Amino acid sequence: MKKSKNFFIIFLLSVFTISFLFSFKTYICLNKFNTDKVIKHINYLSSDRLQGRLPGTLENRIAEQYIKSQFKNYKLQPLDKNYLQSFKIKYPSKISNKAPYLNVIDKNNNVVKEFKYGVDYKEDMLNFKENNIIFTRDNCNFSGDGIRATVKDSSVVFYCTSNGLDFRSSFMIDAPASMYVMITKDTLSQIYNYIKNGYTLNCYIPYTIKDTYVNNVTAKIEGKDKSLPPLVLSAHYDHVGADLSGNVYNGALDNASGVAFILEMSKVIQSLGKPNRDIIFIAFNGEEFGFVGSTAFVEKYSSKLKGSKVFNFDMIGGNTSVPLCIMGSKKDSYDNEFLNSISTTCSNEKINFNRMFEDASDHKPFRDHNIDAITFCDNDTSKIHTPKDNVEFIKEDSIIRCFNVASKEVFKYSFKNNPFIIYYKVFMIVSFTGIIVVTCYYIYGRKKTSSNYKQSIK
């Protein structure tokens, strides 16, 4: 009986020791997720120097080269022969040395009123198929919150916003109107009175649409088994630029944060050793133009992505009062197995989250090709697409919250559900406690046996 008891104690000690060694190895080797580094990347990508990273601009190219250099520094391999995937886009280009105007003209062609740019009106980024419109009461229609002016096949929409003139929409080449101009309610009222009294309105916004080539930035960590579909971690790095007064839409939350997140995540994954499958990292361009970069990527690699899982990150670091959003596409539902797995992890981690089904980020092109994809998002819209979306408002607690969920899901698919990697902290604490308890029990038992033996001799 005594031998059996000793054997059981030795067995328990062995199990706890092995468990501790495996989990402690992960703890030692793991490159800790460093939110300071995440903030540093966000700070650079959302700085005024990068002028809002509008696709087609030099500053967008600078952001691309920065991400490429970080992939290299982190020793990620290029996905193909180089780190860049080129694709063609149409983009709104500022016309240099031209000034915007919104003027009221009388019958003698004299300017009787000149509205002030940035105070009375400002362009929205939606489209610039036309950049000049001249209209009278004969070719415009008023509604409660705007005007639609039409000349031949072109129409221009002037509309009032509830948030002033700060918001800037994404560029959409297929937008129904040719140009969009934001105006204040007072401007709308004045225009209505001028038009009613027979005056002409003349509006010019110095943008034109051009063609150019831009790049996604792609990299990978090679896995052991090439037959397995890759895991994809992605985020878009473009934003909506700067207005004609030089106000920069820095896009710290949207979406320098997502790019910074996957950069730091790549270091954590690499520190755990070689995964069982390839892990692809993509910084998409052209998301703000209608998911152009992610669409180009999926169209090129769709055959290789069958069976893949895609984790997209868009706006990570919002206000902690906003739940972490797990976003699927409009074609998904609460029965989606991939979303449910992530939701379970959120519940286990006691994280406040919700689910949303919208085609509002770069998961959409993947879902259109029946590839499992979700977007992690802090759906804090209080400052996005305004000049207030700056790094100072990024919340590190929200970044950590996302990491606590995303890391477990990524490790699950990339390291064969290895519990010593996914739950290494739990194993390390439990096994270390077990070693202490079993050792103390063994020592106490030995002392008690020795004491009983001495008493029996006496």
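The legends below describe close-up views of a predicted model. In this predicted model, local features need pLDDT of at least 70 and side-chain atom pairs count only at pLDDT 80 or more, while totals for chains, interfaces and linings use all residues. Residues are numbered from 1 along each chain as its sequence is written, and side-chain values use heavy atoms, with hydrogens and water left out.

**View 1. Packing of helices H2 and H3.** Helix H2 (residues 35-45) packs on helix H3 (residues 58-73) at an angle of about 155°, and their axes are 11 Å apart. Helices (H or I, at least four residues) and strands (E, at least two) are DSSP runs numbered from the N terminus. Axes are lines fitted to C-alpha atoms, for helices over the stretch in contact, and angles run from 0 to 180 degrees between N-to-C directions. H2 and H3 are therefore roughly antiparallel (angles over 145 degrees; under 35 counts as roughly parallel, 65 to 115 as roughly perpendicular and the rest as oblique). H2 contributes His41, Tyr44 and Leu45 to the contact, and H3 contributes Ile62, Ala63, Tyr66, Ile67 and Gln70 (contact means heavy atoms within 4.5 Å). Of these residues, six are nonpolar, two polar and none charged. Ala, Val, Leu, Ile, Met, Phe, Trp, Tyr, Cys and Pro count as nonpolar, Asp, Glu, Lys and Arg as charged, and the others, Gly among them, as polar.

View 2. The structure holds 15 salt bridges, each a side-chain nitrogen of Lys or Arg within 4 Å of a carboxyl oxygen of Asp or Glu. One of them joins Lys267 to Glu264, at 3.7 Å from N to O. Both residues belong to helix H5 (residues 252-271), where a spacing of three residues separates them by about one helical turn. Lys267 and Glu264 are both buried (under 20% relative accessible area with a 1.4 Å probe, protein chains only; over 50% is exposed, and in between is partly exposed). In helix H9 (residues 396-414), Glu409 and Lys412 also lie three residues apart, about one turn of the helix. Their side chains form a salt bridge of 3.2 Å, N to O. Glu409 has 1% relative accessibility and so counts as buried. Salt bridges with shared partners also link Lys220, Glu222, Lys226 and Asp278 into one network.

**View 3. The Arg367–Asp332 salt bridge.** The closest N and O atoms of Arg367 and Asp332 are 2.6 Å apart. Arg367 is in helix H8 (residues 363-368) and Asp332 in the loop between strand E16 (324-328) and helix H7 (337-348), so the pair ties together parts 35 residues apart in sequence. Both Arg367 and Asp332 are buried.

View 4. E5 pairs with strand E10 (residues 179-183) in the antiparallel sense over four bridges, and Phe128 stands opposite Met179 in E10.

Technical notes: Pairing = 2+ DSSP bridges.
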